[in-house]
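I opened this structure to take notes on it. My entries follow in the order I looked things up.

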Amino acid sequence: MEPVSTIAAATDKEKDKVPSYLNVVASKCPRCRRHSMFEVKNPYKLKTTMRMYQECPVCKQPFELETGFYFGAGYVSYALAVALSVSTLVAWWVLIGLSIYDDRWIYWLIFNAVFLICMQPVLMRMARSVWLSFFVRYDRKWYANAPSRVKKQGT
């Protein structure tokens, strides 16, 4: 049986080919890009939508670096929602058109509100993934280097 470091080194080349933003969208561990951050893959199982592992099962990188770490993910979620709203507005304008003389603005507002409500579980997960990737970088030699740990308050 081959050692873990040999197997990991062989698959590093495959993982390097995948752009990092796709790993963020897929909510993979930002350090090793091997395992999901969330226990349940389906974001629409609303009771378990935000249930995360304490640390990555593969590389042991902790996902909550300090107490209240994910409060900043709210800002990322807001930015993603604004970007989606602008995208739907532009798509609506190009495909359907906008006019001040009829109710197409109201129809877009209703469509956008329903769309954002439906996308909220995905946006919340993506926001956490993006927020964590700001602080934890991909490590090609994750199997040889220890994960970075931040002291929690009160310890």
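**Aromatic pairs.** I searched this predicted model for aromatic pairs and counted seven. I looked at Phe69 and Phe135 in detail. Their ring centres are 5.3 Å apart and their planes stand at 70 degrees, so I noted the pair as edge-to-face. Phe69 lies in the loop between H2 and H3, while Phe135 lies in helix H4, so this pair ties together parts that are 66 residues apart in sequence. I checked burial too. Phe69 is buried, at 7% relative accessible area. Phe135 is partly exposed, at 45%.

Next I took Phe111 and Phe115. This aromatic pair is stacked, with 5.9 Å from centre to centre and 15 degrees between the planes. Both residues sit in helix H4, and being four residues apart puts about one helical turn between them. Phe111 is partly exposed at 38%, and Phe115 is partly exposed at 25%.

**The cluster and Trp131.** Which residues form one aromatic cluster? I found Phe69, Tyr70, Trp131, Phe134 and Phe135. Trp131 is in helix H4 and counts as buried, with 18% relative accessibility. Leaving out residues up to four places away in sequence, I listed what Trp131 touches: Phe69, Tyr70, Gly72, Ala73 and Val76. Tyr70 is 61 residues from Trp131 along the chain, yet their C-alpha atoms are 7.3 Å apart.

**Charges over rings.** I looked for arginines over ring faces. Arg128 lies over the face of Tyr70, 4.5 Å from the ring centre. Arg125 lies over the face of Phe38, at 4.4 Å from the ring centre. Arg125 came up again when I looked at Thr48. Thr48 is in the loop between helix H2 (20–25) and H3. Beyond its neighbours within four places in sequence, Thr48 contacts Val40 and Arg125. Thr48 is buried, with a relative accessible area of 15%.

**Helix H3.** I then traced H3, residues 73–95. H3 has 23 residues and spans 32 Å from its first C-alpha to its last, close to the expected 33 Å. Its buried residues are Ala73, Val76, Ser77, Ala81, Ser85, Thr88 and Trp92. I asked what these pack against, and found helix H4 (104–135). After H3 comes Gly97, with a positive phi near 100 degrees.

**Cysteines.** How many disulfides does a search of the whole structure find? I found zero. Cys56 is in no disulfide either, as the nearest cysteine sulfur, in Cys32, is 3.7 Å away. Cys29 is buried at 0% relative accessible area. Cys56 also counts as buried, at 0%.

**Whole protein.** Last, I stepped back. I counted four helices and zero strands, in the pattern α-α-α-α along the sequence. Of the 155 residues, 35% are buried. I also checked contacts between residues at least 6 apart in sequence: 65% of them join residues at least 24 apart. The accessible surface comes to about 10300 Å², and 64% of this belongs to carbon and sulfur atoms.

Technical notes
Residues numbered from 1 in each chain as written. Predicted model: local features only at pLDDT ≥ 70, side-chain atom pairs only at ≥ 80, totals over all residues. Heavy atoms only, no water. Helix = DSSP H or I, 4+ residues; strand = E, 2+ residues; numbered from the N terminus. Expected span 1.5 Å × (residues − 1). Buried < 20%, exposed > 50% of the residue type's maximum accessible area, 1.4 Å probe, protein only. Contact = heavy atoms within 4.5 Å. Disulfide = S-S within 2.5 Å. Areas by Shrake-Rupley, 256 points an atom, 1.4 Å probe, with all protein chains shown as cover. Phe/Tyr/Trp six-rings, centres within 6.5 Å; stacked < 30°, edge-to-face > 60°. Lys NZ or Arg CZ within 6 Å of the ring centre and 35° of its normal.
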